[in-house]
Amino acid sequence: MASKDNYSAFGEFWASYGYVSIHPSHADSVVDSGFRGSLREALSDPRGWQNRPEDISFIIDSLPHVEEFARQLSGKLDLRHIGVGGHSFGAYTAGLIAGTTILLPGKAQPQSFADKRVSAVVMLSPQGEGIMGLSARSWDTLRLPMLLMYGSRDFGPFGQEPVWRSEAFEKAPAGNKYEVELKGGTHMGFAAPFSGGGHRVEVFQCAKLETLAFWDAYLREDPQARHYVESHGLEKYSGDAARFANK
């Protein structure tokens, strides 16, 4: 429900390591589009479920033309290695782009919004089954490399336990799938950095480090980064602040 101006800390961090990070505003953005409904209303609106992944595919369609108005990016876009990441509703969007299917009202069969031009996805605090058209079989065709992160205090919008957010990892096919649970992490802990030190700063820093390593592993195809992700290299930094799983 945020705008293109949110999550700049992630974008700036990734960009400092050579990535081009594009942050869209969707039609249901509270900030940029004047959406007046509640969060629950937005999550229950099937138009948003469809529009968001279509927005991402439109952006990918437009990438060959970016250099026309952003000359500083001339020769710097690698259209063969595209990653999509997001938090909350953005994680839902990334999942749909990666192959998650949803059942839309009035449709007899689950719908797919997969974009084959995408190489890997990051899903921060995604949703589990039971809302937004998601079912137990929604992740059967999510085969792209995926990093899923959530917090141990990251409750769902309707009171679901934090482990509900891990269902995409648990139910997707094995192969290049990684999960990190950040102990003490809350839902909005992924949304912005915090000042003054303390546990929340550490949790956010863990998310930055792990997402960068994952992008390096599957967009840059860096073997050292892949080893770092597969061997839970973040554990050395996080101490007991993270729990890891991969399959």
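**An open sheet and a buried aspartate**

In this predicted model, 5 strands come together as an open sheet with mixed pairing, and their order across the sheet is 1-4-5-6-7. The edges belong to strand 1 (82-87) and strand 7 (242-246), each of which pairs on one side only. Going from one strand to the next, the twist averages 15°. As for what holds such an arrangement together, strands of a sheet pair through backbone hydrogen bonds, and they can do so in parallel or antiparallel fashion.

Within the sheet, strand 4 (residues 118-124) and strand 5 (residues 146-153) make a parallel pair, joined by 4 bridges.

Asp115 sits in the loop between strand 3 (111-112) and strand 4. Despite being an aspartate in a loop, Asp115 counts as buried, because its relative accessibility is 8% and the cut-off for buried is under 20%.

What does Asp115 touch, leaving aside its neighbours within four places in sequence? The contacts are Ser57, Ile60 and Ile97. Ile97 is 18 residues away from Asp115 along the chain, yet the C-alpha atoms of the two are separated by 5.3 Å.

Methods: Residues are numbered from 1 along each chain as its sequence is written. This is a predicted model: local features need pLDDT of at least 70, side-chain atom pairs count only at pLDDT 80 or more; totals for chains, interfaces and linings use all residues. Side-chain values use heavy atoms; hydrogens and water are left out. Two strands pair if DSSP finds at least two bridges between them. Helices (H or I, at least four residues) and strands (E, at least two) are DSSP runs, numbered from the N terminus. Axes are lines fitted to C-alpha atoms, for helices over the stretch in contact, and angles run from 0 to 180 degrees between N-to-C directions. Buried means under 20% relative accessible area, exposed over 50%, partly exposed in between (1.4 Å probe, protein chains only). Contact means heavy atoms within 4.5 Å.
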